[in-house]
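Please keep the sequence and the structure in view while reading.

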Amino acid sequence: MSHAVEVDEKQAWSGGQSPFRISYGKMMMWFFLVSDALTFSGLLCAYGFIRHKYESVWPVAENVFTHFPFITAHIPLAYVGLMTFILIMSSVTMVLAVEAGHRNDRKGVTIWLFLTIIGGFMFVGSQAWEWYHFIEGTATGAMRQVWDIDQGKYVTKLIHGANMTYNEYGVPQFANFFFFITGFHGFHVFSGVMINCVIFINVLIGTYEKRGHYEMIEKVGLYWHFVDLVWVFVFTFFYLL
Amino acid sequence: MSMEFHDDYPQYETMYQHDEAHGKQIRSKLWKVFWLLLAITLVELVVGYQATSWGLLGGTFLKFFFISLTLVKAGGIVLVFMHLIDETKFLRYTILLPYAVFILYLIFIILVEGTYCGYPHNRTSLDKNYKIQQIVLRNHHMQPIPAELKEGVTEKEIIAAEKQAEENAASAGTHEE
């Protein structure tokens, strides 16, 4: 694309222009995303630390996430693959909305942004479904050693599903990190959908038409792509590795 | 003291606008990146699904394979979808350098320390408990629970039951041969 205009390095910082050749709002969105990405990096690194520490006792995600809606078959990774597809799809509709915004094409922005919102809702719903099945567990269950507070020692019990203190599938830390990181990401998706809805209403009532540019779509687009970016990493480290 | 105000900033908000012909070009590029991301995800899923049967599970190759594909995907999203490649050099470095500095170091230190904590002599009583749990869990959790494992059994009994099951499996194997 042709708008990669490099600035004269000596002139850039002497005032009268943005050295980054970017508007204030977009730059602040980038800086927010940098800090947010550092937070997620910290969480994923903590996850990696604990996982390395308990490598021999860490559950394999393939044996945990095996459900698929309306089918009773045992198909690992299929559902999370679908979730990833939904999120990548909503990412591409978002970038198409941004592109339409660059042409001041109100109709295009409306359609693509609407599809993005639908994708976002589908993803949040999928995550809720995934959580439900992880908490519910299998009918068979597994024998686990859990801390009995009355007896003051570990006792063996039949456990179904996972929560913050015990986990049918393996060490409880797996469930702790799963709930925290996918929950934090899911909350980002949810906020993103809400922000997209606000922007969508603004598009419908013609706020950006009056303003003369659709830069706001770019800003929420940055946030939305960031959410997709985080999912790419969560997907790899929780489900694939 | 005199202050200088700049009311004549360039209109950065409209700088990225383009016409329909240019838009068509951009859209085809975006769809190409989308197909690339989708293809990578499908490859990852197939390899992840087959990892156990191909004997790759937990191996170094698989880790590097998945992490490099993830970085390719991340690059596609950040550079093309988020248009970072179209921004100025200053902004690109401002956004990307913090990771090169902080996160690479964090990953390095965590891998070193995480592995160190995993040494047997460094294990706590909590680790021992997880080991025992793993013995129970080692066979797939979907399998029926062994009759020996009733509620309230002790660690010793679990280990003994597991040993017995292993011996049974071993003797069954020799019979087949």
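The sections below describe a helix pair, a single helix and a loop residue in a predicted model.

## Two helices of chain A

Helix α2 of chain A covers residues 24-53, and helix α8 of chain A covers residues 215-240. The two pack at an angle of about 10 degrees, and their axes are 10 Å apart. Angles under 35 degrees count as roughly parallel, so α2(A) and α8(A) are roughly parallel to each other.

On the side of α2(A), the contact includes M29(A), W30(A), L33(A), F40(A) and L44(A). On the side of α8(A), the residues include L222(A), Y223(A), F226(A), V230(A) and F233(A). The residues of this contact divide into 12 nonpolar, 1 polar and 5 charged.

## Helix α2 of chain B

Helix α2 of chain B runs over residues 60-81 and has 22 residues. From its first C-alpha to its last it reaches 31 Å, close to the 32 Å expected at 1.5 Å a residue. Just after α2(B), H83(B) takes a positive phi of about 60 degrees.

The buried residues of α2(B) are F66(B), K73(B), G76(B), I77(B), V78(B), V80(B) and F81(B). Their cover includes α4 (78-102) and α8 of chain A, together with α1 (20-50) of chain B.

## A loop residue of chain A

R103(A) lies in the loop between α4 and α5 (106-136) of chain A. Is R103(A) partly exposed or buried? With 17 other C-beta atoms within 10 Å, R103(A) is partly exposed.

Beyond residues up to four places away in sequence, R103(A) touches H18(B), E20(B) and G23(B). R103(A) and F226(A) are 123 residues apart in sequence and 23 Å apart in space, C-alpha to C-alpha.

How values were computed
Residues numbered from 1 in each chain as written. Chains lettered and ligands numbered in written order. Predicted model: local features only at pLDDT ≥ 70, side-chain atom pairs only at ≥ 80, totals over all residues. Axes fitted to C-alpha atoms, helices over the stretch in contact; angles between N-to-C directions. Helix = DSSP H or I, 4+ residues; strand = E, 2+ residues; numbered from the N terminus. Parallel < 35°, antiparallel > 145°, perpendicular 65-115°, else oblique. Contact = placed C-beta atoms within 7 Å. Nonpolar A, V, L, I, M, F, W, Y, C, P; charged D, E, K, R; others polar. Expected span 1.5 Å × (residues − 1). Buried ≥ 20, exposed ≤ 12 C-beta atoms within 10 Å, placed from the backbone.
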